[in-house]
Amino acid sequence: MGPSGRHGKQGIMGSPGIKGEKGQKGAVGPRGMMGLKGDPGESISLPVAVVSPNTQTVRENHSATFYCSASGNPKPTVTWTKVKGSLRNNIAKLGHGGRLDIIHSTFNDSGEYKCIAVNMLGQDEKIVELIVEVSPRFTRVPGRFLVIEEEAVASVTCEAFSYPPSVITWTRPLVALPRGRSSVTNGTLTIQDFSAVDTGTYVCTAKNKLGSVTAVMALNIQRTPDSCKAAVSKHSPTGGTYDLKVNSNKFQVYCDVKTQGSHWTLIARFSNRDTKNWMRDDGHWWYDQNASMGTTTDPSVNTDMISPAFWLVSGREFKVTRSDDSSHTPLLQTTGNCLGGQTFRSKVTSYGDFRNGKVWSSKRGLGSCTVQYGGQYKTTHGFGQAECSSNIQSSNKIGFWCDWDGGDGSVMMIGGGGSGCDRADHGIGITETGDASFVEVGYTETEYDFGNDADTRTPPTKSYSLNLWIR
């Protein structure tokens, strides 16, 4: 048999046969060896927060940092809040690891902050405190120049904000504060009975441990006026009650400024309705009375009055008005500088001492001033001879210390007097006594504060009084 020939090419694979049935499960093999024990897992726990520092003090505009760390499983998340208020945006920042940064701190940042650590089991909180110290700055200062009325209470106040709180003091450069009259309470300087020696510079200082600030001011004095003209000029130009001070004597007066350019001071009042004051035997009210009597600040009152202005306020002219005339229209007004810069008492007593019954004149007047009449003078008691001229004086005069022929007299005779003008007992301070004096003699002879005749058979009115003014 000859040798085998070469293998031919592999033919095409036929289709797969049908899958046989699944065989039976084999027996369980032997158990393998136990592996090594693994590491134990972490236990879970509540958060615990720890803060540092508990309290921190910084100065204003400085930064403060607090730290808060937290333990627990699962790992807690940490947040910060302000206990009262809220964290300032862009200023208070939360850093990594629970850090709180407060940048450029202000006093409003002072307070308590809370760190909160939270996980699934609960939360823990811790409180820290920030104290921001602030140097003093004034929140209230007085004006640079203040005017205080003489003898008034001066009160000026400084207030300052700072932390720790400032101590506020008041001082004067080179001079001590008025001893016994000054005090400083809660930043307010008080000076009793302010006088010229208290004028000058005062310094308010607010100080704490961080520094101090000062404010400088000057106190000047407004002296109490010595006349109605001075009093009214510093107030509204209206009549009324004002304080005057003359030669250390302070008193209240009524000022009449209803007439343009006039500043009349009420100094006395004569009434026939009350006790004989102006015609006392000793002439006390004219010469010696040195305390006010009666209502000095109301021209409408119908009772006697003498004001300190009677002996303290000087002037050039005087006028007489009625108490029932609210316009204070002059019944008479002197002209030609009648008083010559004197007080009324100085004028009227310059003619002599006529106290206690001393006769003041006989058939004459000791002096006179020219007057102009107006208002209701023709119907006013005391002005009955305002249009009569005779041998003692002419109609346009008011005379001082007048008498006629051993009877009838007046301290101030209005209009003419003598044989042709009903003698001399008409005007203000009139008497019917035999020789003109303050001591009355006789039965039908008497005295009145004012009138046309001192005879008791023709008594003068009691329905109004006469006011005396000086300017």
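The model is predicted.

**The nonpolar cores**

Phe-344 belongs to the largest nonpolar core, which has 53 residues. Within this core, Trp-286, Phe-310 and Phe-344 touch the most other members. Helix α3, residues 309-312, gives the most to this core, with four residues.

**The disulfides**

A disulfide is a covalent bond between the sulfur atoms of two cysteines. The structure holds five disulfides. Three of them are set out here.

| Pair | S to S distance | Torsion about S-S | Handedness |
|---|---|---|---|
| Cys-68 and Cys-115 | 1.7 Å | about -70° | left-handed |
| Cys-338 and Cys-369 | 2.0 Å | 75° | right-handed |
| Cys-388 and Cys-421 | 1.9 Å | -90° | left-handed |

Take the disulfide of Cys-68 and Cys-115. The pair links distant parts of the chain, 47 residues apart. Cys-68 sits in strand β3 (residues 64-73), and Cys-115 in strand β7 (residues 111-119). Both Cys-68 and Cys-115 are buried.

Next comes the link of Cys-338 and Cys-369. Cys-338 lies in the loop between β23 (332-334) and β24 (342-343), while Cys-369 lies in strand β25 (residues 365-373), so the pair ties together parts that are 31 residues apart in sequence. Why does Cys-369 count as buried? Its relative accessibility is 6%, and buried means under 20%. Cys-338 is buried too, with a relative accessible area of 9%.

What does the pair of Cys-388 and Cys-421 tie together? Cys-388 lies in the loop between β25 and β26 (397-404), and Cys-421 in the loop between β27 (407-414) and β28 (427-431), so the pair joins parts that are 33 residues apart in sequence. Cys-388 is buried, with a relative accessible area of 15%. Cys-421 is buried as well, at 0%.

How are the bonded cysteines paired when numbered in sequence order? The pairing is 1-2, 3-4, 5-6, 7-8, 9-10. Cys-402 is in no disulfide. The nearest cysteine sulfur to Cys-402 is that of Cys-369, 11 Å away. Is Cys-402 buried or exposed? Cys-402 is buried, with a relative accessible area of 0%.

Notes: Residues are numbered from 1 along each chain as its sequence is written. This is a predicted model: local features need pLDDT of at least 70, side-chain atom pairs count only at pLDDT 80 or more; totals for chains, interfaces and linings use all residues. Side-chain values use heavy atoms; hydrogens and water are left out. A nonpolar core is a set of buried Ala, Val, Leu, Ile, Met, Phe, Trp, Tyr and Cys residues joined through side-chain atoms within 4.5 Å. Buried means under 20% relative accessible area, exposed over 50%, partly exposed in between (1.4 Å probe, protein chains only). Helices (H or I, at least four residues) and strands (E, at least two) are DSSP runs, numbered from the N terminus. A disulfide is a pair of cysteine sulfur atoms within 2.5 Å.
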